[in-house]
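Read the structure below with this report beside it.

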Amino acid sequence: MPRKGTRKTVAKAADIRTVAALAKVSIATVSRTINGSPAVSERLSKRVWQAIEQLNYFPNTHARSLVSGRSRLFGIIVENITNPFFPELIQSFEEIAVANGYEILVSSSNSDPAVLTTCVRRMLERKVEGVAMLTFGEEEPVLDQLAHHNVPLVLAEFKLDDPKSSTILLDYSTGFHEAVKHLVGLGHRRIGFLAGPHTLHSAITRENDFRTAMRQAGLDVDAAAVIVCDHTLRGGVAGFEKLQALSTRPTGVLCSNDMTAIGVLRAAYMKGLRVPHDLSVIGLDDIDFCEFTLPPLTTIRLSRTDLARAAFDALRQQAEAGPGAKVEREFLVSTSLVVRDSTSAPAKD
């Protein structure tokens, strides 16, 4: 038997006139307040926002953009949404943007140039005021498309000779120096590296910084123990198997990202090896999962909050800069080692 429902009478949604009446100001003052006009005093602005909150009024963002000529919308394009690093980065970017009166449009390239082109097209159609291209090396084919539309850009580790472009420089070298020093201090001398794909300039940078850190520690880099694999769990498994096939196996391994390192933990467990007794493992990123792996993963921390803040600040400066204003073009984000339980002294031969 069908259930009978009761239809509740819904109060009429508040509009800008209702807000103005409650706040005892003009409609123009409400509009200016919503659009962030400096012409509205702090006292009146506070009164308007209290009325907006009390009435549960939702300003028409499309109408606001038509009036103000600004969308207050930033785009962020990431490499692969399935890697936990990127959702954590997006969350930080959104929190910062919303707190500053902006909205965000999110896209993932999925490491596919055709998909990346579609992502950029969506951004342009929505009239974003800037795009954070945090794809770490896949963005070059579409940079001209964005530059042609005079859209402010922020890129990770890539410098573009364009006045509307900013760069986030990532200091991996500090983290790699600390990681190698940590392993050497534990007694490791044979250290391998699972590198990311050389199609990503970030992966090449990380590998070069690993090699430099090894040289500074007085250690030779065994070319056979530097394995190129993708930045996935399966990449870590495949890289581990290649390391195991070496006649002289490393006692410690650094990985180009945490997903690769977690793949190594899984493969080592399936092989019957004990981490860290039989093999010390270090990742890079410090995604939230690192605290919950068995054992908890030692890793080089790349702060998503710092990265998101740098990306937002770069775009905001470009979007809000007046004619001839000087804007910052380079932002530095550093790294540091977080020691957990996946590293220890090597087993004695």
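A cavity is a set of points, on a 1 Å grid over the protein atoms alone, where a 1.4 Å probe fits but cannot get out; a pocket is an open set with protein on both sides within 12 Å along at least five of seven lines; lining residues have an atom within 4 Å of a point. This is a predicted model, in which local features need pLDDT of at least 70, side-chain atom pairs count only at pLDDT 80 or more, and totals for chains, interfaces and linings use all residues. Residues are numbered from 1 along each chain as its sequence is written, and side-chain values use heavy atoms, with hydrogens and water left out.

**The chain**

The chain's secondary structure comes to twelve helices and eleven strands. Helices (H or I, at least four residues) and strands (E, at least two) are DSSP runs, numbered from the N terminus. Of the 349 residues, 48% count as buried. Buried means under 20% relative accessible area, exposed means over 50%, and partly exposed is in between (1.4 Å probe, protein chains only). A contact means heavy atoms within 4.5 Å. Among contacts between residues at least 6 apart in sequence, 70% join residues at least 24 apart.

How confident is the predictor? pLDDT is its confidence in each residue, from 0 to 100. The chain averages 88, and 90% of the residues score at least 70. Over residues 5-10, pLDDT stays under 50. For that stretch the model has zero contacts beyond four places in sequence.

Rolling a probe the size of a water molecule over the atoms shows where empty space is left. The structure holds three cavities of 30 Å³ or more. For volumes, grid points are joined across faces, edges and corners, and a volume is the space filled by probe spheres set on the points. In the lining classes, Ala, Val, Leu, Ile, Met, Phe, Trp, Tyr, Cys and Pro count as nonpolar, Asp, Glu, Lys and Arg as charged, and the others, Gly among them, as polar.

| Space | Volume | Lining by class |
|---|---|---|
| Largest cavity | about 100 Å³ | four nonpolar, four polar, three charged residues |
| Second largest cavity | about 50 Å³ | six nonpolar, one polar, one charged residue |
| Second largest pocket | about 270 Å³ | five nonpolar, seven polar, four charged residues |

Which residues line the largest cavity? They are Glu 79, Asn 83, Phe 85, Phe 86, Phe 136, Ser 202, Arg 206, His 231, Asn 257, Asp 285 and Leu 302. Helices α5 (85-99) and α9 (201-216) each supply at least two of that lining's residues.

The second largest pocket has 16 lining residues. Closest to its centre are Glu 79, Asn 80, Asp 230, His 231 and Thr 232. Glu 79 and His 231 also belong to the lining of the largest cavity.

The second largest cavity is lined by Phe 240, Leu 243, Gln 244, Arg 249, Pro 250, Val 253, Val 264 and Leu 279. Helix α10 gives the most to this lining, with three residues.

**Helix α10**

The expected span of a helix is 1.5 Å times one less than its number of residues. The twelve residues of α10 (residues 233-244) should therefore span 16 Å, and the end C-alpha atoms are 17 Å apart, which agrees. Which residues of α10 are buried? Gly 235, Gly 236, Gly 239, Phe 240, Leu 243 and Gln 244 are. An α-helix has 3.6 residues a turn, so residues three or four places apart point the same way. The cover over the buried residues of α10 includes β6 (191-195), β7 (226-228), β8 (252-255) and α11.

Leu 273 lies in the loop between α11 and β9. Its contacts, not counting residues up to four places away in sequence, are Phe 240, Gln 244, Ala 268 and Asp 278. Leu 273 is partly exposed, with a relative accessible area of 25%.

A cis peptide bond joins Val 275 and Pro 276, with omega about 10°. Pro 276 sits in the loop between α11 (258-271) and β9 (280-285). Another cis bond runs from Leu 294 to Pro 295, with omega near -5°. Pro 295 is in the loop between β9 and β10 (298-302).

Lys 127 is not a glycine, yet has a positive phi of about 60°. Its place is the loop between α6 (113-125) and β3 (130-134). Is Lys 127 buried or exposed? Lys 127 is exposed, because its relative accessible area is 61%.

Glu 157 is not a glycine either, and has a positive phi of about 65°. Glu 157 lies in the loop between β4 (153-156) and β5 (165-171). With a relative accessible area of 16%, Glu 157 is buried.

Technical notes: pLDDT = per-residue confidence, 0-100.
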